[in-house]
Amino acid sequence: QITMDDDGREGGAAAFVPEEFACLLVEKFGESGVTSRIVEDYKTCDLPGDGMTVRVSHAGLTVQDAMVVQGRSGAVREYPAIPGTDLAGTVLRVDEAAERSGFRVGDRIVATGGEMGQSRSGGYSQIARVPAELAWRLPKAMSNLRAAQLGTAAMTAALACMEIERGDLAKSVSSSLPFRRGAGGGDDEHDVGERNDGSGGGGSEQKSDATLHRLDRTNTLKRNKKMSRKGFVLVSGASGSVGSFATCLLVARGYRVVGVTRHLDKQNRLARFGARKSVILEDYVAQCAEDGALGEELYVGIVDVLGDGFLDMALPRLTRGGVCVSVGSMRGPTTCISLAPFIRRGVRLVGVDSRYISPALRAVVWERLARDIPPALFLEERASFATCTLEQIQPLSGRKLSSGAAPVSCVVILPG
């Protein structure tokens, strides 16, 4: 029998490590032939890489995973491979690095990113090896299922939300810092802040950094809600995994979200995730066609999942000092953009990658996800959060890559 203590650790038979287990194995034959099959007797001793030994209960199905299963990804460096970028489960054995990081046998963890599912074993497996730096110990209030439902998509969305908040914070601090006029009485030296001790401007950068750090740590939620009460954020691909979670997180921090989607039937879903308004992509493209080099200042931030030409349409509509966070390239990995918004409005284009963030930032992100995404959302939006077995991964991965056919999140439930 498995029991759970007050810290969310499992007891009982948690330390038993089976010699064999079931997994989904992707194999390559020749130059182009990639197939996947269920293996019932994979040896634990054959798992590549080092790290904690984890009994996997749930694993997420990301776009990258779907491409690996369908043989459409060049990310896998060595075959055969066990896909699965995200997993949740229980620690059965710890190595020295995990022990130094505070993990213990019986901990329930979620792990995402790194090289999981590519150069090391992933989540589509009853047993996995997980480096400590990719793991976060789950609190008792968060189930393994919910952690896998969030996974890489929610982490990416959270990082994008943090970048937009950081941009708002920087604008607030910049507007509150004192400025020193030039010798001629003009504003040619407006970028040099005065220090309280009367010394030269060389220390102004240190002062602003310290101020940013203090503001970011002090009552961030209350400040950002007040700061962005009238601030709108544009989210492209808002009915997809990253876009849906970004909408939910931004609304929780006080932003008003305008969601762009290609699918008319997904507008009600966007409203349930908190979007103030939704726009069909074709209509948005038509609206932007009327803009010149600079459009109307509508959005304090943009979370872009689409890439390609969408950036060139969206950037001219950012407010002065606004931030566009690029998190995907569903329409294409290349783009041609005007420099006018950067030069004349000082906007910023930022990219995020949740796969290789530090353990400290990983903990901050997961704490935010646990706090800002309500558990009730997963009950109210059952149709948006699907589950499947190992045998169902192959057909579902095809749906994941089909236009508009996939749910927000799909979780593979591993047999106990």
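Modeller: With sulfur atoms required to lie within 2.5 Å of each other, the count of disulfides in this predicted model is zero. C410 illustrates the point: its nearest cysteine sulfur belongs to C388 and is 4.0 Å away, so C410 is in no disulfide under the 2.5 Å limit.

The nonpolar core may be considered next. The largest one holds 49 residues, and the members that touch the most others are L150, F245, L250, V303, L369 and I373. At least two residues each come from α3 (144–176), β8 (232–236), α6 (241–252), β11 (299–304), β12 (318–326), α11 and α12 (376–380). Of these elements, α3 gives the most, with twelve residues. V303 shows how such a member is surrounded: apart from its neighbours within four places in sequence, V303 is in contact with A160, I164, V233, L234, V235, S236, A246, L250, V325 and V327. There is also a second, separate core of 37 residues, which includes L87, V91, I127 and I393.

D372 belongs to helix α11, which spans residues 359–372. D372 has a relative accessible area of 9% and is therefore buried. Beyond its neighbours within four places in sequence, D372 is in contact with C248, L249, A252 and R253. With R253 there is a polar contact between the two side chains, at 3.1 Å.

Conventions. Residues numbered from 1 in each chain as written. Predicted model: local features only at pLDDT ≥ 70, side-chain atom pairs only at ≥ 80, totals over all residues. Heavy atoms only, no water. Helix = DSSP H or I, 4+ residues; strand = E, 2+ residues; numbered from the N terminus. Buried < 20%, exposed > 50% of the residue type's maximum accessible area, 1.4 Å probe, protein only. Polar contact = N/O pair within 3.5 Å; in protein donor to acceptor, adjacent residues only side chain to side chain. Contact = heavy atoms within 4.5 Å. Core = buried A, V, L, I, M, F, W, Y, C linked by side-chain atoms within 4.5 Å.
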